[in-house]
Amino acid sequence: MNYNINWKSIGLTENPFTVSPPDDPNLAVWAGMEELKNEFNEVLREARGSSPTQVILCRGPVGGGKTHASLYFSLNEHWPDQEPSVRDIFVLRVPTPKETGKPDRDFYIDVMESIGLENIRDAVRRAIDEVGVNTVQSTLRKIMVSADLSSALIRLGDHQDNPLLNAYFLGKCTTSELRKLGLNRNIEKTQDYFRVLAGVFQCQIGLSLESSPHKHSRLCLWLDEMEDFVYFTPSQYRPFGQGLRELVDRLPSFFTLFMNFTLTSSEEYEEIELILGKYLIDRVTRNIFFDEMRDEDKVIYVSQLLASYSTDEPKESELYPFRAEALKLLLSELPRRTPRDVNKRCRNALIKAFGQGIFEEHLRGWIESDFVQKISREELDKELG
């Protein structure tokens with residue numbers, strides 16, 4: 001059956017009820033879930049106004065909004081105001097490596113490429129300009145341990161682009177190329193990867209010997225889908241957890257590590273500890289749990305989402321095109337009371353309403369309770385094309 005889907009006919013700029021998070025953080029809208037947002041705001045105020053490193057464990061069901069939160073808070077404009085404040089905020093969103101070969105190497109490359117060598121060069125140059133090359137050398141040597149690694153990072157900040165150094169940090173150099181660089185070995189061990197990242201992060205944070213927030217930036221590393229490590233062998237995920245712990249220990253100030261986990265078993269915390277290791281779990285400064293929504297929360301979530309995508313035209317109700325009782329009926333007995341399942345129900349109900357011509361009159365058609373009763377919940381929970 002052919003029918004027209006026109007979101008403007010129901011006073012919306014577009015479909016508010018997407019099943020997957022947007023690619024662009026600018027399109028991420030926060031609706032409802034005020035308690036959860038307040039928890040994040042507490043963490044972010046501390047991150048913005050003080051120096052201690054934070055390790056935040058985010059847990060919750062599939063579709064609970066963890067990836068969405070990482071998108072939303074990756075924009076500085078969504079952080080709460082705080083004085084005193086760090087001079088800048090950098091948020092790196094990195095998914096858990098999907099290949100089961102060398103997750104530590106894959107992760108290292110993902111982070112380095114997310115930042116970009118040119119930005120790393122700028123950060124090293126800025127650090128040298130601010131505190132002098134001697135302080136940079138001594139600080140990076142302490143953080144990175146290896147003289148080769150710290151020397152190579154400082155040389156990366158030279159004003160002249162060096163293709164061999166680019167290859168050293170993102171690929172692999174031959175023996176003769178290493179000799180030309182005056183280096184003894186490549187970056188190829190797990191501890192090398194995380195020590196280089198610690199040095200890079202420290203340059204972005206700043207190397208001032210003062211502890212005042214305004215002398216530094218806050219770097220946030222947000223790791224998503226960490227439950228994927230259940231598909232790795234212990235010999236692969238244990239070094240990764242140890243590497244993250246080393247990263248946290250080598251950056252005791254102005255660093256925040258967010259880790260998103262979706263595990264549904266009753267022993268989920270034990271699984272997380274198995275993957276990350278007890279020593280990293282012991283460094284967690286806050287657990288944020290994405291609870292399923294209560295009935296009243298679901299209605300608030302839908303009304304705020306509708307408002308975010310609303311046109312300027314006046315409407316009879318903030319829930320339009322849903323009658324209040326119809327919406328409550330529609331959202332009853334969800335498989336999970338998560339934003340994704342709410343979105344799926346609402347989206348599919350609207351698509352079916354368009355198909356039946358309910359919205360042919362501009363801003364007149366409504367989803368009523370009898371319409372919801374006619375549609376099976378199994379149909380509404382399917383992902384329509």
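The residues that line the second largest pocket divide into 6 nonpolar, 8 polar and 4 charged, where Ala, Val, Leu, Ile, Met, Phe, Trp, Tyr, Cys and Pro count as nonpolar, Asp, Glu, Lys and Arg as charged, and the others, Gly among them, as polar. The model is predicted, and local features need pLDDT of at least 70, side-chain atom pairs count only at pLDDT 80 or more, and totals for chains, interfaces and linings use all residues. Residues are numbered from 1 along each chain as its sequence is written, and side-chain values use heavy atoms, with hydrogens and water left out.

The second largest pocket has a volume of about 370 Å³ and is lined by 18 residues, of which Thr 139, Ile 143, Gln 202, Arg 250 and Pro 252 lie nearest its centre. A pocket is here an open set of points on a 1 Å grid over the protein atoms alone, where a 1.4 Å probe fits, with protein on both sides within 12 Å along at least five of seven lines, and lining residues have an atom within 4 Å of a point. Grid points are joined across faces, edges and corners, and a volume is the space filled by probe spheres set on the points. Helices H5 (133-144), H9 (190-205) and H10 (234-250) each give two or more residues to the lining of the second largest pocket, and the largest share, 4 residues, comes from H5.

The largest pocket holds about 680 Å³ of space, and among its 35 lining residues Val 19, Ser 20, Pro 21, Pro 22 and His 68 lie nearest the centre. At least two lining residues are supplied by each of helix H2 (66-72), strand E4 (255-261), helix H13 (295-308) and helix H15 (339-355), with helices (H or I, at least four residues) and strands (E, at least two) taken as DSSP runs numbered from the N terminus.

Strand E3 (residues 217-224) is mostly covered, as 8 of its 8 residues are buried, that is, under 20% relative accessible area with a 1.4 Å probe and protein chains only. Ser 217, Leu 219, Leu 221 and Leu 223 point one way from E3, whereas Arg 218, Cys 220, Trp 222 and Asp 224 point the other way. E3 runs parallel to strand E2 (residues 88-95), to which 8 bridges join it, and Arg 218 is the bridge partner of Ile 89. E3 is also joined to E4 by 5 bridges, and these strands run parallel, with Trp 222 opposite Phe 258 in E4. From E3 the chain crosses through H10 to E4 in a right-handed β-α-β crossover, a term that applies if, with the strands pointing away from the viewer, the path from the first strand over the helix to the second runs clockwise.

How values were computed. Buried means under 20% relative accessible area, exposed over 50%, partly exposed in between (1.4 Å probe, protein chains only). Two strands pair if DSSP finds at least two bridges between them.
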